[in-house]
Every structure is written in C-alpha cells, then in structure tokens.
Amino acid sequence: LLKDTDESPKIKIRTVKGFLSILFNILYKELPDTREQLRNLNIVEILQPYLKLEDTMVKILALGVLARVVDEKENEMINTTDDNIKMMVDILDKCLKGKNHVAWVSGTGWEAKVAAETVNFFLVMSTNAVSSYRSQLR
C-alpha cells in the first residue's frame, strides 16, 4: 500500500490506516473464516513491514491485525521488537486509567476491552509472553 505513487505520504498513511482499521474490525468481530482467508493472502508477510514505521497508529493497527492472524510458528516473525508489545501494554494501561476506560492514541479511541484482547492474543504465544515480561522489567 505504501509503494511509490503520485500520492503524498500523508494520503498514503491515511489510506493504510483506513485499510488496517477495516481489517482490524473484521477480525475483532470474528467473522467466519476471515483469519484463514487473510492467511491465504499472505497477510503476515504483507503487514510485517508496517511494524517498523514511525506512525504509531499504523503500528498499533498492524499489531492488532497480526495478533489475531499469526500462529505460534509465525509469532517470532512479527515480534520485531519488545517495544511493539510494550506499546500495546501501555495503551491498555492508558485505557484502564482513562475516563470510561478509553484511551486516545494518535486521534483514535481504544477501549480497554479491545486493548486487553489484543495484548492477550500476543501473550498466549510463549515467545511473546517472555518478550512482554522483559519489556515490563525496563
């Protein structure tokens, strides 16, 4: 989605955020066969580079999608840094402290329930549980 085009970088990022938001919400609603269909489209490989972008919301949404799609074998592939897990735990912390358990991150509201479920998807994978634990010790 971020390949060279005539669009400005701001428009490209907005397009990516919209695309990732749609994927995230489809997966969050647990529509039948969505996980398998996205896996068949190589979504893990497609989204992995987005974890390295500077835009916080793109990284958060990519993590949210990938958390719901990866299997244990692919888990290490997407866990590019401990900072990714720490970022999600920090959002959950902000949600729990926020009014109505909502945190505003990069102009987007995150509910504690959604943040907790996203963190949980990562923690069920043992390698991410260890990584998450290490990041909290810093």
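Q: How do you know what share of the contacts in the protein chain with a separation of 6 or more joins residues 24 or more positions apart?
A: In this predicted model, such pairs make up 64% of those contacts. To count as a contact, heavy atoms must lie within 4.5 Å.

Q: What makes up the protein chain, in helices and strands?
A: The chain has eight helices and two strands. Along the sequence, the order is α-α-α-α-α-α-β-β-α-α.

Q: How much of the protein chain counts as buried?
A: Of its 138 residues, 41% do. The cut-off for buried is under 20% relative accessible area. The accessible surface of the chain comes to about 8200 Å², and carbon and sulfur atoms hold 55% of that.

Q: Why is leucine 23 called buried?
A: Leucine 23 has a relative accessible area of 9%. Buried means under 20%, so leucine 23 counts as buried. Leucine 23 sits in helix 1, residues 9-28.

Q: What does leucine 23 touch, leaving out residues up to four places away in sequence?
A: Leucine 23 touches Leu38, Ile43 and Val65. Leucine 66 is 43 residues away along the chain, and its C-alpha atom is 9.9 Å from that of leucine 23.

Q: Why is helix 1 called roughly parallel to helix 4?
A: The two axes come within 9 Å and cross at roughly 30°. Angles under 35 degrees count as roughly parallel, so helix 1 is roughly parallel to helix 4. The crossing of helix 1 with helix 4 is left-handed.

Q: Which residues of helix 1 and helix 4 meet, and how do they divide by class?
A: On the helix 1 side are Ile13, Val16, Lys17, Leu20, Ser21, Leu23, Phe24, Leu27 and Tyr28. On the helix 4 side are Met57, Val58, Leu61, Ala62, Gly64, Val65, Arg68 and Val69. By class, this contact has 13 nonpolar, two polar and two charged residues.

Q: Which residues make the contact of helix 4 with helix 7?
A: Helix 4 gives Leu63, Gly64, Ala67 and Arg68. Helix 7 gives Val114, Glu117, Thr118, Phe121 and Phe122. By class, the contact has five nonpolar, two polar and two charged residues.

Q: Why is aspartate 93 called partly exposed?
A: Aspartate 93 has a relative accessible area of 35%. Buried is under 20% and exposed is over 50%. The value lies in between, so aspartate 93 is partly exposed. Aspartate 93 belongs to helix 6, residues 82-97.

Q: Are asparagine 100 and histidine 101 exposed or partly exposed?
A: Asparagine 100 has a relative accessible area of 65%. Exposed means over 50%, so asparagine 100 is exposed. Histidine 101 has 44%. That lies between 20% and 50%, so histidine 101 counts as partly exposed.

Q: Where are asparagine 100 and histidine 101, and what is phi in each?
A: Asparagine 100 is in the loop between helix 6 and strand 1 (102-105). Histidine 101 is in the loop between helix 6 and strand 1 too. Phi of asparagine 100 is near 60°, a positive value in a residue other than glycine. Phi of histidine 101 is near 55°, again positive in a residue other than glycine.

How values were computed: Residues are numbered from 1 along each chain as its sequence is written. This is a predicted model: local features need pLDDT of at least 70, side-chain atom pairs count only at pLDDT 80 or more; totals for chains, interfaces and linings use all residues. Side-chain values use heavy atoms; hydrogens and water are left out. Helices (H or I, at least four residues) and strands (E, at least two) are DSSP runs, numbered from the N terminus. Ala, Val, Leu, Ile, Met, Phe, Trp, Tyr, Cys and Pro count as nonpolar, Asp, Glu, Lys and Arg as charged, and the others, Gly among them, as polar. Buried means under 20% relative accessible area, exposed over 50%, partly exposed in between (1.4 Å probe, protein chains only). Accessible areas come from the Shrake-Rupley method with a 1.4 Å probe; for residues, only the protein chains shown count as cover. Axes are lines fitted to C-alpha atoms, for helices over the stretch in contact, and angles run from 0 to 180 degrees between N-to-C directions. Angles under 35 degrees count as roughly parallel, over 145 as roughly antiparallel, 65 to 115 as roughly perpendicular and the rest as oblique. A crossing is left-handed if the near helix is turned anticlockwise from the far one by less than a right angle, and right-handed if clockwise.
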